[in-house]
Amino acid sequence: MGTVLDSHFLALTAIVTVGYQLFFFIITALLKFDKVTDFAGSTNFIIIAVLTLVLKGTWHFRQVVLTFLVVIWGLRLALFLLMRILNWGEDRRFDEMRSNLGKLAIFWAFQAVWVWTVSLPVTVVNASDRNPSLHAADIIGWIMWSVGMSVEAIADQQKLIFKNSPENRGKWCNVGLWKCTRHPNYFGEIFLWWGIFVASAPVLKGAEWLVILGPVFLTLLLLFVSGIPLLEESADKKFGNVAAYRVYKKTTSPLIPLPPVVYGRLPSWLRTIFLFEFPFYSRNLPQEGQNWCRTGRGEGNDGLKMG
């Protein structure tokens, strides 16, 4: 059973992923129902991990652990995002897509690529016959996953509580982990998937090391495409004329958690090279003096959507 379509399950997982995402795309397109989008993405990771583990049937300890970690992450994220969108009522990302089938199809195709690519380390480990004894990389990877998972879950919960509080309507989230990074949930997600890759390293051989494309793809996606850039643009347009927000942005790391008192004193070149404070994150920030206000409240009616 371990040779279904190909020895590394790459074709199998691609077919399963495309089919699963196509199913939910059809539902979204026909019913104009976009509340299952994030649920479909998160649960797809679970399907790939469990399917490859069961089909291979070797049940090596490392395979079971990595599959378990993916299942825990996927279940937590899927349920959280589903409950959040049911509470919010609609997903604003699809405001321009509901009437444009082409844009909607591109989004779902990209989601399929995201799931399949990021899952590569687990897919290849579960397909492998190699079963080396535990290495330091295993422990390090599991610790990285634990840290990342905890940061992501805590940040999501802190943001949800903040956003649901009536007194915080029209404010940006700067409580808890959000004091130390503008996107703690993204830091957690990136860190845990790099942990999965590190824990898969003892099994990898030759071309299998290309599974590093999984965490690399995720990191680049959140840094340059659909993650931080979009949310920074939204925040700057909404709160850019608020002096307190500008101070928050200037003294708060975009991704890696750091105390504001430390980050605010670092030179700009160091922030850009090592801490991902890219200039284009502030391209929509109004110039100083343009209709500034000194309150912590923007013009909108609801809080900033920081992921």
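**Exercise 1.** With which residue does Glu-232 form a salt bridge, and how far apart are the closest N and O atoms?

*Solution.* This is a predicted model, in which local features need pLDDT of at least 70, side-chain atom pairs count only at pLDDT 80 or more, and totals for chains, interfaces and linings use all residues. Residues are numbered from 1 along each chain as its sequence is written, and side-chain values use heavy atoms, with hydrogens and water left out.

Step 1. Apply the criterion: a salt bridge is a side-chain nitrogen of Lys or Arg within 4 Å of a carboxyl oxygen of Asp or Glu.

Step 2. The partner of Glu-232 is Arg-182, with 3.0 Å between the closest N and O atoms.

Step 3. Helices (H or I, at least four residues) and strands (E, at least two) are DSSP runs, numbered from the N terminus.

Step 4. Check burial, where buried means under 20% relative accessible area, exposed over 50%, and partly exposed in between (1.4 Å probe, protein chains only). Glu-232 has a relative accessible area of 0% and is buried; Arg-182, at 1%, is buried as well.

**Exercise 2.** Which residues are joined with Arg-182 and Glu-232 into one network of salt bridges?

*Solution.* Step 1. Asp-236 and Lys-249 meet through their side chains in a salt bridge of 2.6 Å, N to O. Asp-236 belongs to helix H9 and Lys-249 to helix H10 (residues 243-251), 13 residues apart. Both Asp-236 and Lys-249 are buried.

Step 1. Through shared partners, salt bridges join Asp-236, Lys-249 and Glu-277 with Arg-182 and Glu-232 in one network.

Step 2. The whole structure holds 10 salt bridges.

**Exercise 3.** Is Asp-129 buried or exposed, and is Lys-56 buried or exposed?

*Solution.* Step 1. The side chains of Asp-129 and Lys-56 form a salt bridge (2.7 Å, N to O). Asp-129 lies in the loop between H5 and H6 and Lys-56 in helix H2, so the pair ties together parts that are 73 residues apart in sequence.

Step 1. Asp-129 counts as exposed because its relative accessibility is 60%. Lys-56 is buried, with a relative accessible area of 15%.

**Exercise 4.** Which residues have the most contacts inside the largest nonpolar core?

*Solution.* Step 1. A nonpolar core is a set of buried Ala, Val, Leu, Ile, Met, Phe, Trp, Tyr and Cys residues joined through side-chain atoms within 4.5 Å.

Step 1. The largest such core has 38 residues, and Phe-45, Trp-73, Trp-193 and Ile-196 have the most contacts inside it. H3 gives the most to this core, with 8 residues.

Step 2. Look at Ile-196, taking contact as heavy atoms within 4.5 Å. Neighbours within four places in sequence aside, Ile-196 is in contact with residues including Leu-66, Pro-121 and Trp-145.

Step 3. A second, separate core of 11 residues includes Trp-178, Val-242, Tyr-245 and Leu-285.

**Exercise 5.** How many helices and strands are there in the protein chain, and what percentage of the residues count as buried?

*Solution.* Step 1. The protein chain has 12 helices and 0 strands.

Step 1. Of its 307 residues, 49% count as buried.
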